[in-house]
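Here is a friendly briefing to read alongside the coordinates. Have the viewer open and follow the topics in turn.

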4 protein chains.
Amino acid sequence: MRWFHLVVKVYYDLPRVEEKLIIKSLESHGLETVPVNVTKEPLPLQGIEEHVPIVRAVSMFRSTYTSAVLEANGMKPINSAYTIMFSGDKVLTYSALASHGIPIPKTVIALNGDSTEKAYASVGFPLVDKPPIGSWGRLVSLVRDWHEAKIVIEHRSMMNSPQMKVHIVQEYVKMPENRDIRCFVIGGNCLGCIYRVPSEGEWRSNVALGGKVRALKDSTEPCELAVKAAEALKGEVVSIDIFEGKEGYLVNEVNGVPEFKGFMKATGINVGDEIAKYVYERVKR
Amino acid sequence: MRWFHLVVKVYYDLPRVEEKLIIKSLESHGLETVPVNVTKEPLPLQGIEEHVPIVRAVSMFRSTYTSAVLEANGMKPINSAYTIMFSGDKVLTYSALASHGIPIPKTVIALNGDSTEKAYASVGFPLVDKPPIGSWGRLVSLVRDWHEAKIVIEHRSMMNSPQMKVHIVQEYVKMPENRDIRCFVIGGNCLGCIYRVPSEGEWRSNVALGGKVRALKDSTEPCELAVKAAEALKGEVVSIDIFEGKEGYLVNEVNGVPEFKGFMKATGINVGDEIAKYVYERVKR
Amino acid sequence: MRWFHLVVKVYYDLPRVEEKLIIKSLESHGLETVPVNVTKEPLPLQGIEEHVPIVRAVSMFRSTYTSAVLEANGMKPINSAYTIMFSGDKVLTYSALASHGIPIPKTVIALNGDSTEKAYASVGFPLVDKPPIGSWGRLVSLVRDWHEAKIVIEHRSMMNSPQMKVHIVQEYVKMPENRDIRCFVIGGNCLGCIYRVPSEGEWRSNVALGGKVRALKDSTEPCELAVKAAEALKGEVVSIDIFEGKEGYLVNEVNGVPEFKGFMKATGINVGDEIAKYVYERVKR
Amino acid sequence: MRWFHLVVKVYYDLPRVEEKLIIKSLESHGLETVPVNVTKEPLPLQGIEEHVPIVRAVSMFRSTYTSAVLEANGMKPINSAYTIMFSGDKVLTYSALASHGIPIPKTVIALNGDSTEKAYASVGFPLVDKPPIGSWGRLVSLVRDWHEAKIVIEHRSMMNSPQMKVHIVQEYVKMPENRDIRCFVIGGNCLGCIYRVPSEGEWRSNVALGGKVRALKDSTEPCELAVKAAEALKGEVVSIDIFEGKEGYLVNEVNGVPEFKGFMKATGINVGDEIAKYVYERVKR
């Protein structure tokens, strides 16, 4: 019985409540679980002993590189370097989604300030501008007119990261209560979806910005889309952000190292446990 | 005859001799060719008319995002966003190579300064340290002792990009004349290989650092490896850097937007023309 | 006649029309003039032969350091390192002005994002937010409400320079045509003042942003203030930006390496010539 | 008795043992003492009530700006914005020292990579290279040959801060045990001096890098120089780093927000108490 010999390792940098829940659930499923702080130990491209890796570093690059190292060693981490990298960079996410025929918001990419002005003109105000990289809604800007356009373009041009100079310019999809939908998918199965509603004085629904959560009564339709999005990004454990557009649902984001505190609160589903079950099945395979 | 209707677009930011050669060769093959400056025009994720895209921006992120946009529009750019991104980031390159069983140098990844000291201790001096991102040998450091180790680690820790804080730590593979080998692969066919020999007072062989080039008499063996490496990265037009290790060839780098001035000089092969031929065949398909 | 032996050196990095005019005027006054590119030659703290230095690098830090080196060598560059540094950093400028009893706009300094929200609340909208360092109006933001406040604070928090995280928060001083006043002072004498009027669709009057210039009919009052401001900053050749507040003139900025193309156009005064005359007199002393 | 009405405020960001000692000593001298976290409250350029400010933020820019704000309000903080800024930037420090006739190490400033190579050639190996800004010995590099020269120049060129691209290139002053001397000056009086000796495997003597401390038996001569250096920088409470050159003492650094844990340990002098006494006398004046 080979799977008894396989250890599960949970790779982290700053342990959040999610990582602690996952570890607890894995242990309660009888799986030997070792937490690994990726900032403490070097990661060799050769010679790591086989195990089941769950990659959960908060830093997108740390997670990507950890998965890459584990793949070099012949393992299949949850999630893969491809999934974390392509869902961590919103241009690459949209590209993967659109090339799989999944509906996304009307979006224009501008690679520097000059072309951003043209992108703004083509999309029209109000619009949303965001950089490819970033979490928790950071730098996601609702731009209402040319005055704000100049502020955003000037500030972004002064950032040093090449990715921060890139603008994702989108039609502002206005939804009831400014809410959006987040669904959670594990191994191709959708656990359900929640609404995220922005707090007073904020238009973004991110929980980190005070957003409130509420379970959907019927998740069937967004779940269907979420499963397709997870597949497009080859994600085993991912959450998917969905907009309610005029002509149907649109996928806005895929999270390759998903937080799920808010999802658990709204749905009562023990996500850590669901992940542990999935890992247990995979270990048995 | 469908292919007469397909335009070839060459996407660039700073046009090098390579881009000019490619455009000239495409035109001499009777292909309608349009150069597109990716810094001037926004790139919509929807609605771009079908064409044959060749992506050649010097900036790795600009090239990656351009290919991503084109893929969102249903096209297959040369090279794909995956190829440019995964060959542009050396951790991801090594990961893709090793997971396909292709030999690479003994390498350890350290995600911050503390673990870098441990990585150095495990690899031993002299060693090579480089960041995941960067071209033309930049920041590739031959570290001979702990004094130099501290200089590299301290300086890198002060850089702001998350990727620059990551250290790729490798055994120093000493080769005759400090040379390395570069092969060029188009559509699975290897055009040949050259030696690159560092200039006086420099240990790195990059042509940008004054490296001299010389064709290999017999490229058979490195070419075989190069073709496998191109395949592992799904690269249609790529160059591959190869080391001569004690126990055989090792792939060290794959270039997803390859320069080829030096290769042309050493081999006499008109690479622009070879690319044009390949594109012509692809258009006909 | 000692002054015949003294060479004038003009230190520059990117030569603008101003530097060329200054050199031409110095030569037409019979002064031996040597342009020095500060990016090409190292600057020793000891052993530079005595000369008359005019420091005109576009980069504020390059100008400051060049003047500092020349002072270490016992010379008195135009302008001093103190003048360039303290007029180049707007917090230090306001501090020098206010401590000399010169009226400035109502201003609050916030050293990070949290205190910036409080600063905004205390100043009220509309307000102006700018970082301490920067030229040509860059990142000077007219913030009209909390939506824009969040955009500015979030973007600035993502910049890496410690100075860019600092917010200078000011009452928006509304002036006729949105104009401001710029005066030019050499050796304690005011050459005159001009209005700068923003171009259509822009609220900032900077010439670099398309501002139009027009000479004042009577510069007496702003000139008086400009001379005091120059003195407070110990500036020999400086321009001074002035607001027309409800209760009188306010000094908003002092430029330690002043551009003067617009000033010349509006007033017909040959500023290069005035600088040359001043240097000639100083050389004779 | 006016001084009973004056509060002492200690401005800090991250409270170190030094700030705690200063506050305790001030209170034990009967002075009403208020700690102010400069990251929490905005600092208005107008309208702060008179008090006695001691500025102790770890961040050089925060300390400089805090003092600047207090000076705008008519106060004389310990230390002044000028002292903190000019001692915080090593090019400005050397300039102030040399222009006051105080001996400093043989030093060449290079404003970018190209001129740095020339500066290295003129100084010769081994040499010391450091950026203008930085504490605790960070990025201070002992460069032994051209191999290390390239590593330092390349890494520095990739940093985004304009100051980090500037190189201070110095003769390596070899001292017994690699030690240097640090003296502490309050209000023109020298409290004494200590040796700082690097830890095993480190050439820099900074206490933050493990340096050991030991009091000088006779501090007379370095103390004399330290008092002059404090005066040149207009510092009221400063520490001064001194080298023992072949031809006499050389001032290497002045600290405008000095740490003094190591100094207290080596000398037994209660520096917090000495600062409190000085403030008490100043309040009485």
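Asn178(D) sits in the loop that links strand S8 (167-171) and strand S9 (180-186) of chain D. In this predicted model, phi of Asn178(D) is near 60°, a positive value in a residue other than glycine. For context, most residues other than glycine have a negative phi, and most peptide bonds are trans.

**Other backbone points to look up**

- In chain B, a cis peptide bond joins Ile78(B) and Asn79(B), with omega at about 0°.
- Asn79(B) belongs to the loop between H2 and H3 of chain B.
- In chain C, Phe125(C) and Pro126(C) are joined by a cis peptide bond, and omega there is about -10°.
- Pro126(C) is part of the loop that runs between helix H5 (113-123) and strand S6 (127-130) of chain C.

**How chain D and chain C are related**

- As background, two copies of a chain are related by a rotation about an axis and a shift along it.

**The interface of chain D and chain C**

- How many residues of each chain take part? In chain D, 46 residues are in contact with 46 residues of chain C.
- About 3,800 Å² is buried between chain D and chain C, and carbon and sulfur atoms give 66% of that area.
- On the chain D side, Leu45(D), Tyr65(D) and Leu111(D) lose the most area to chain C, together 19% of what that side buries.
- Two salt bridges are found across the interface of chain D and chain C.
- Glu41(D) forms a salt bridge with Lys118(C), where the closest N and O atoms are 2.7 Å apart.
- Sorted by class, the side of chain D that touches chain C has 27 nonpolar, 10 polar and nine charged residues.
- Strand S3 (residues 43-44) of chain C is joined to S5(D) by two bridges, and these strands run antiparallel.
- Within that pairing, Leu43(C) stands opposite Ile109(D) in S5(D).

**How chain B and chain A are related**

- Chain B can be laid on chain A by a turn of 180° and a shift of 0.0 Å along the axis, with an RMSD of 0.0 Å.
- The two copies are thus related as by a two-fold rotation axis.
- In chain B, the C-alpha of Ser161(B) is the one nearest the axis, 3.2 Å from it.
- The same surface serves both copies, as 100% of the contact residues of chain B recur in chain A.

**The interface of chain B and chain A**

- Chain B and chain A each bring 46 residues to the contact.
- Between them, chain B and chain A bury about 3,700 Å², with 66% of it on carbon and sulfur atoms.
- Which residues of chain B lose the most area to chain A? They are Leu45(B), Tyr65(B) and Leu111(B), together 19% of what that side buries.
- Two salt bridges are counted between chain B and chain A.
- The side chains of Glu41(B) and Lys118(A) meet in a salt bridge, at 2.8 Å from N to O.
- Polar contacts between chain B and chain A come to 18 residue pairs, both residues at pLDDT 80 or more.
- Elements giving two or more residues to the side of chain B that touches chain A include helix H3 (81-88) and helix H4 (90-99) of chain B.
- H2(B) gives the most to that side, with nine residues.
- The class count for the side of chain B that touches chain A is 27 nonpolar, 10 polar and nine charged residues.
- Two bridges connect strand S3 (residues 43-44) of chain A with S5(B), and the strands run antiparallel.
- Pro44(A) stands opposite Val108(B) in S5(B).

Key:
Residues are numbered from 1 along each chain as its sequence is written. Chains are lettered from A and ligands numbered from 1 in the order in which they are written. This is a predicted model: local features need pLDDT of at least 70, side-chain atom pairs count only at pLDDT 80 or more; totals for chains, interfaces and linings use all residues. Side-chain values use heavy atoms; hydrogens and water are left out. Contact means heavy atoms within 4.5 Å. Buried area is the accessible area (1.4 Å probe) that two parts lose on being put together, summed over both. A salt bridge is a side-chain nitrogen of Lys or Arg within 4 Å of a carboxyl oxygen of Asp or Glu. Ala, Val, Leu, Ile, Met, Phe, Trp, Tyr, Cys and Pro count as nonpolar, Asp, Glu, Lys and Arg as charged, and the others, Gly among them, as polar. Two strands pair if DSSP finds at least two bridges between them. Helices (H or I, at least four residues) and strands (E, at least two) are DSSP runs, numbered from the N terminus. Copies are superposed by least squares on the C-alpha atoms of residues with pLDDT of at least 70 in both. A polar contact is a pair of N or O atoms within 3.5 Å; within protein, one must be able to donate a hydrogen and the other to accept it, and residues adjacent in sequence count only if both atoms are side-chain atoms.
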